[in-house]
Amino acid sequence: MNVIIVTACPSGMATSFLAARRLEQAARRRDWEPLIDMRSQFERELVLSDAQLAAAELVIVAASPMTSAGLERFVGKRVHVAPIEEALPDPAAFLANAEARARVLEAKDIADVAATVSTTASGAASAADGEVAHKPSIVAVTACPTGVAHTFMAAEALSEAGRALGYPTRVETQGSVGAQDALTEQEIAAAEVVILACDIEVDPTRFAGKRVWRTSTGTALKKPRDTTEQALEGAEVESATAADGQGSQQKGEKRGPYKHLLTGVSFMLPMVVAGGLMIALSFVFGIKAFEEEGTLAAALMQIGGGSAFKLMIPVLAGYIAYSIADRPGITPGMIGGWLAATLDAGFLGGIIAGFLAGYSALGLSRFVKLPQSIESLKPILIIPLVASMVTGLVMIYVVGTPVAGLMATLTEFLESMGSANAVLLGILLGAMMCFDLGGPVNKAAYAFGVGLLASETYAPMAAIMAAGMVPALGMGLASFIARAKFAEPEREAGKASFILGLCFISEGAIPFAAKDPLRVIPACMVGGAVTGALSMLIGAKLLAPHGGLFVLLIPNAINVPLMYLGAIVAGTLVTGIGYALIKKGAQQVETAAAT
């Protein structure tokens, strides 16, 4: 039987995608031939041909609200409509019910059908209020260094997984864009468990006394159901001491130097972006226009290069120390970072200063015991004074000079590289950006490029951003040029992936890599390596470490925009065509919430 299945959800792509996939699988098990119209914020409507509409023997609409489903197309067909929430728990039963209850849709009935279904959904929700009120709820926080992709994708995956398990779930997102959908005190108090899916340090003091489970955004995105189940079973009560950053490491949490470094990078990133774009705008008036005092170009350069870029390293060091020792670490961290900048120790010196300040402050907080009467002076007097003195003296007399020499050598090497070495570096950075799509290797390469901006070394950052766009763009291209090898949900995911790729969000390729890693990841790495090599070969220099293709709209943000765009296109073609050739069959993409 030929069936058209429509799914739509106002909350985003994941619910609509998940419902479409599960209904399609259930339909094929019944030997039906389903045609999927999955709507999201990226693609609102599948244009059905007259032949497809004529061939359809049944139309099943799972949508909230009904006005988003385009019911007008199906007048005269046997149609069953229901809220999308009814399709997720048992797709097979939902399809059986749809077949039994489908009725011919008439134009005059469209408004009544939509209103009836909406009322039914509201009534079901009201009837369940009493039960839900007694069900344990889950609250979560997701945060990655940039707060762009992993943060929101992991939040949506956790929300869907919690809902599928029968637990009302609220997620707060954090990152460079700040906190969104912030949890209230009432929600935290009522929660059974708190999930902190964070690659950077977030303030845990709100959750003292609650059962807390810590994990990464990557784990929450790829295995949201497992993460939720593990949290419900294994979360431990967060004491006030642990909430202050002095507790022991919890099972399920990946903490340590890497996470502290990413926290510093997260806070530094907006400073780098703003400073780089200010410098680029100053070049609009001429490359040397800023040298003339009193001009707008000089003012823009003073804001960007003279202020923002000078604060990069202190912010990096300060928030590395904050991640380690909480607020007492910020002052010694920033002082150490400023010394690293003034001593020309660069971002390496800033990293050292941050860890030195953080662990000094943490040690003083933990091990220095004072009479209760003066204990309150520790965070405002003793820790800032002693930790700043230790950090500053070590930076001046021990670390500063050798690290400054190392940075000078590294900078000189990068600036004097021949074509062969530049290409090799581009290949390495490009492949790293595409290896784990936002994972540790990807973030290590990205942090390296961002750090070099403080030393006015811009070429590696250009290669890194260009290569990071390739996986998502390549998967979108492959799903377009080899449509027969991709199921309908894959083609929809490909459209979303392409848009994310334009924005320098590598994570758009994750659904494809999760389903077919042995083909997707090598194809992405080859394309990324090609783009990275070409970017270094043409001498591309990028002043802003984010923004994707849209940063090309800023004058002088990239020195060779057309050739840079050509490098991105070349890598995208290699990945897209390569994967289109080696992909086997029309396998469906796994959704995060179904993992």
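Five strands form an open sheet of mixed pairing, in the order β7-β6-β8-β9-β10. This is a predicted model, in which local features need pLDDT of at least 70, side-chain atom pairs count only at pLDDT 80 or more, and totals for chains, interfaces and linings use all residues. Residues are numbered from 1 along each chain as its sequence is written, and side-chain values use heavy atoms, leaving out hydrogens and water.

**The sheet**
- Strands β7 (169–174) and β10 (236–237) stand at the edges with a single partner strand each, so one side of each has no neighbour in the sheet.
- Two strands pair if DSSP finds at least two bridges between them.
- Strands β6 (residues 137–143) and β8 (residues 191–198) run parallel and are joined by 7 bridges.
- Serine 137 has alanine 191 of β8 as its bridge partner.
- Helix α9 (residues 224–234) packs on the sheet and touches β6, β8, β9 (211–215) and β10. The direction of α9 makes about 140° with that of β9.

**Overall make-up**
- The protein has 22 helices and 10 strands. These are DSSP runs numbered from the N terminus: helices are H or I with at least four residues, strands E with at least two.
- Of its 595 residues, 53% count as buried. Buried means under 20% relative accessible area, exposed over 50%, partly exposed in between (1.4 Å probe, protein chains only).
- Among contacts (heavy atoms within 4.5 Å) between residues at least 6 apart in sequence, 73% join residues at least 24 apart.

**Helix α21**
- Helix α21 (residues 517–537) has 21 residues. From first C-alpha to last it reaches 29 Å, close to the 30 Å expected at 1.5 Å a residue. The expected span is 1.5 Å times one less than the number of residues.
- Its buried residues include Val520, Cys524, Thr531 and Met536.
- The buried residues of α21 pack against α16 (419–435), α18 (459–481), α20 (510–515) and α22 (561–582).
- Glycine 539 follows α21 and has a positive phi, near 75°.

**Helices α11 and α12**
- The axes of α11 (residues 257–282) and α12 (residues 296–325) come within 7 Å and cross at roughly 180°. Axes are lines fitted to C-alpha atoms, for helices over the stretch in contact; angles run from 0 to 180 degrees between N-to-C directions.
- The two helices, α11 and α12, are therefore roughly antiparallel (over 145 degrees).

**Two aspartates with positive phi**
- Aspartate 326 has a positive phi of about 65°. It lies in the loop between α12 and α13 (330–342) and is buried, at 14% relative accessible area.
- Aspartate 344 has a positive phi of about 60°. It lies in the loop between α13 and α14 (346–367) and is exposed, at 57%.

Conventions. Parallel < 35°, antiparallel > 145°, perpendicular 65-115°, else oblique.
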